[in-house]
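Student: Hi! Could you walk me through this structure, starting with its pocket?
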Amino acid sequence: MTTGPRPTRVLVVGAGLIGKDHVAAIAADPTLELAGIADRRAERRALTERLGVPWYPTLCDALADRGTAGESATDNPGGIDGNIVATPNASHVELATIVIE
């Protein structure tokens, strides 16, 4: 039996209004898999429990646990291939810089 390529694993940072839309889009795309949600608001953890994915209080916690895109393909098959920053605009640069570094 042959299997196709594994889905691209995406972490969503921020599970507010826009973040929830991104989560739904990931769920609807068979080539994607939700790797987890990072959101500092603990009440949003219920969403991850419903979806059966990890919740992280910070982006740094998620990256430390799941790994970065560079190690995903070889060293960490359960890692993160991509990140969606769905937080308020003022935090985009800071969070994107963490991902890039």
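**Pocket, cores and charges**

Tutor: Happy to. The residues lining the largest pocket divide into 12 nonpolar, 6 polar and 5 charged. Keep in mind that this is a predicted model.

Student: What volume does the largest pocket have?

Tutor: About 480 Å³. Of the 23 lining residues, Gly14, Arg40, Thr87, Pro88 and Leu95 are the closest to its centre.

Student: And which elements give two or more residues to that lining?

Tutor: Those are α1 (17-28), α3 (59-66) and α5 (92-100).

Student: Switching topic: which residues make up the largest nonpolar core?

Tutor: There are 10 residues in all: Leu11, Val13, Ala35, Ala38, Tyr56, Leu59, Ala62, Leu63, Ile80 and Leu95. The elements giving two or more residues to this core are β1 (8-13), β2 (32-38) and α3. The largest share, 3 residues, comes from α3. Another core, of 9 residues, lies apart from it and includes Val12, Leu34, Leu47 and Val53.

Student: Now the charges. How many salt bridges does the structure hold?

Tutor: It holds 5. In one of them, Arg9 pairs with Glu33, with the closest N and O atoms 2.3 Å apart.

Student: Is Arg9 buried or exposed?

Tutor: Arg9 counts as buried because its relative accessibility is 7%, under the 20% cut-off. Glu33 is partly exposed, at 33%.

Student: What about Glu49, which residue does it bridge to?

Tutor: Arg45, with the closest N and O atoms 3.9 Å apart. Both sit in helix α2 (residues 45-51), 4 residues apart, so about one helical turn separates them.

Note on methods
Residues are numbered from 1 along each chain as its sequence is written. This is a predicted model: local features need pLDDT of at least 70, side-chain atom pairs count only at pLDDT 80 or more; totals for chains, interfaces and linings use all residues. Side-chain values use heavy atoms; hydrogens and water are left out. On a 1 Å grid over the protein atoms alone, a cavity is a set of points where a 1.4 Å probe fits but cannot get out, and a pocket is an open set with protein on both sides within 12 Å along at least five of seven lines; lining residues have an atom within 4 Å of a point. Grid points are joined across faces, edges and corners, and a volume is the space filled by probe spheres set on the points. Ala, Val, Leu, Ile, Met, Phe, Trp, Tyr, Cys and Pro count as nonpolar, Asp, Glu, Lys and Arg as charged, and the others, Gly among them, as polar. A nonpolar core is a set of buried Ala, Val, Leu, Ile, Met, Phe, Trp, Tyr and Cys residues joined through side-chain atoms within 4.5 Å. Buried means under 20% relative accessible area, exposed over 50%, partly exposed in between (1.4 Å probe, protein chains only). A salt bridge is a side-chain nitrogen of Lys or Arg within 4 Å of a carboxyl oxygen of Asp or Glu.
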